[in-house]
Amino acid sequence: MASGKDSDRTLGYMTRKDTEVKLPRPTRVKNKTPAPVQITAEQILREARERQEAEIRPPKQKITDSTELSDYRLRRRKEFEDQIRRARWNIQVWMKYAQWEESQKDYARARSVWERAIEGDYRNHTLWLKYAEFEMKNKFVNSARNVWDRAVTLLPRVDQLWYKYIHMEEILGNIAGARQIFERWMQWSPDQQGWLSFIKFELRYNEIERARSIYERFVLCHPKVSAYIRFAKFEMKGGEVARARQVYERATEKLADDEEAETLFVAFAEFEERCKEPERARFIYKFALDHIPKGRAEDLYKKFVAFEKQYGDKEGIEDAIVGKRRFQYEDEVRKNPLNYDSWFDYVRLEETVGNKDRVREIYERAIANIPPAEEKRYWQRYIYLWINYALYEEIETEDVERTRDVYRECLKLIPHSKFSFAKIWLLAAQFEIRQLNLAGARQILGNAIGKAPKDKIFKKYIEIELQLGNIDRCRKLYERYLEWSPENCYAWSKYAELERSLAETERARAIFELAISQPALDMPELLWKAYIDFEIAEGELERTRALYERLLDRTKHYKVWVSFAKFEASAAEQEEDEEEEDQEETDAVERKKECIRRARAIFERANSYYKDSAPELKEERATLLEDWLNMETNFGNLGDVSVVQSKLPKKLKKRKPITREDGSTEYEEYIDYLYPEESQTTNLKILEAAFKWKKQKLATSEEEYD
């Protein structure tokens, strides 16, 4: 006897080892090179089908007398009973058994098999269906009713059993019985499809009142938007407009806050449109837009816009379009209230509508979204909300006090200790000036300088006081400006320019002297240029020369040398302007020669400096010599080009090695300059090398001779 491990009731007398599928042992492929003749999977399948043996079928048995028939039936029943004993849970075995008994016209035995099967598994609705079909097919009507009745009693939640039962009664013409079955079914509160089937059943027999009463029970059982809409469409189809409207009104009262309320309101409005009631439809749309959350009303807005385009006037259409865009902006600012671009667009939309209270409300909501961090980059877009708000109050509403309050609140909100905005200070001050409140403007600008001084604020404040002619205030402001930023060359230059415009030459010169004595300057070259131009404009040539010399003590940039030389070259023209016009031409030529000599001496000094003190600055020296050559050319007959040409360098293209990051070396071309004194040194080196080589050669020949 097989052990408990190997035995299994479902296998009968066989063991698990007997049922195992024995596969051939896989052979190991030694040569994995492709075969010379390749075959496809299609060829393999075709050959396998050709070699397949014919299917073995059992021989057909012919029964000739009742004895053989009895033996055959006994043998078949025994086979079915054996199968049922082995697999009682298998429904297919029961069904085949019952169908075989039916084929033998033994209906009592077939019914007995169905009853045994149902007794084993009455929850399987397929057995009930097949059992009832067997009774109906063989015209056992009462037996079929009995089966259906038992089935729906035991399995009331299986809709298919109810449908089949009702369908049988309706085919038999038993309308009252079918209605009674429907009523039994409705007591179990089926889904919507069951109720709709009952309604269609009543409508097929033109029972309108019955259908209406079923609809009433239907919406009570399933208080959903789709149920009410179906009910209203049913009434509308029957021409009962008042009843349909009542249905929609009941639905609106009960389901106004439902998730599908949008669909209900759209259907209600379209119903009123079909009834030629556009005012009612418009009221429904507006009521819905006020009550439904913005996130669920997108389709409703589209319908409302289309409705207004069809039935509304110009104002109604614009209002609908604005409402749609308003919904979009509300959705955007709800998702991200710190997206200030959306607030700008929203405010612009409301400004086009022209509702001042609405615009103020949007502005207040927008400026309430303060940036999360006190960093200027987060505030740069936000601050323009305040600016636009203030300009709107000043220009559109012309409310001076509200504008002043907006500027005041904005300046309070900004953390001036960390960063500030010169624009908002200046706009607030300019607003006060437009209101002829000069004291208020000065107070705002004074606070700005005290809390958050900036170049723009100083410049604008000085410009305002200068336009008003308050020179003493301008001087005090420049002093405050330079105390705050002593390295600002622009401020020094403008201060000196102011004093010069007032003919205060000594004050201007003193300011320039104080400026160039500062230890640090942001753009000293501009300051020195302004000082030199000032002295030239005053005709102080000696002072100008002294300034150039002082500048050369600080920097030896080639542009300073060139500027000094050009000044000396043009000094003759300035002296001619100062002297009388009736002087002799020879004296003018002599002065011109003297100026050229001075300019040439400066170029000589510059060339000597680059030659002796800064030989590595070859390119600057070459540029200097080119400027010198151009100046000599411009002098005409008085110039001497040969003086410069003998000093000009030769341009040489050279290559220098550059090591890359990966260790490889590449060569880069560059321009080098070879000056005359360097070429002489090179020639001497070549002669020295040649002499040394010759000496070595003579020494070698003497050794060979010895």
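pLDDT is the predictor's confidence in each residue, on a scale from 0 to 100. The structure above is a predicted model, and this score is a place to begin reading.

Across the protein the mean pLDDT is 80, with 87% of the residues at 70 or more. Among the elements, helix H9 (residues 175-186) has the highest confidence, at 93, while helix H35 (residues 676-705) has the lowest, at a mean of 64. Residues 1-6 stay under 50 throughout, and the model gives them four contacts beyond four places in sequence. Where pLDDT is low, the predicted coordinates should not be read in detail.

The overall composition comes next. The protein holds 35 helices and two strands. Of its 706 residues, 36% are buried. Taking the contacts with a separation of 6 or more, 46% join residues 24 or more positions apart.

One pair of helices shows how elements meet. Two packed helices are described by the angle between their axes and the distance between the axes. For H27 and helix H29 (residues 524-537), the axes come within 9 Å and cross at roughly 15°. Angles under 35 degrees count as roughly parallel, so H27 and H29 are roughly parallel to each other. The crossing of H27 past H29 is left-handed. On the H27 side, the contact is made by Cys 489, Trp 492, Ser 493 and Arg 500; H29 contributes Pro 524, Leu 527, Ala 530, Phe 534 and Ala 537. Sorted by class, the residues in this contact of H27 with H29 are seven nonpolar, one polar and one charged.

Ala 503 sits in the loop between helix H27 (489-501) and helix H28 (505-516). Although Ala 503 is not a glycine, its phi is positive, at about 65°. Is Ala 503 buried or exposed? Its relative accessible area is 62%, and exposed means over 50%, so Ala 503 is exposed.

Asn 206 is not a glycine, yet it has a positive phi of about 60°. Because its relative accessibility is 59%, Asn 206 counts as exposed.

Two buried residues remain, one from a loop and one from a helix. Asn 369 is placed in the loop between helix H19 (356-367) and helix H20 (376-379). Buried means under 20% relative accessible area; Asn 369 has 17% relative accessibility and therefore counts as buried. Which residues does Asn 369 contact, leaving aside its neighbours within four places in sequence? They are Pro 337, Leu 338, Tyr 340, Trp 343 and Tyr 382.

Phe 307 belongs to helix H16 (residues 298-311). With 2% relative accessibility, Phe 307 counts as buried. Ala 281 is 26 residues away from Phe 307 along the chain, and the C-alpha atoms of Phe 307 and Ala 281 are separated by 8.7 Å.

Methods: Residues numbered from 1 in each chain as written. Predicted model: local features only at pLDDT ≥ 70, side-chain atom pairs only at ≥ 80, totals over all residues. Heavy atoms only, no water. Buried < 20%, exposed > 50% of the residue type's maximum accessible area, 1.4 Å probe, protein only. Helix = DSSP H or I, 4+ residues; strand = E, 2+ residues; numbered from the N terminus. Axes fitted to C-alpha atoms, helices over the stretch in contact; angles between N-to-C directions. Parallel < 35°, antiparallel > 145°, perpendicular 65-115°, else oblique. Left-handed = near helix turned anticlockwise from the far one by under 90°. Contact = heavy atoms within 4.5 Å. Nonpolar A, V, L, I, M, F, W, Y, C, P; charged D, E, K, R; others polar.
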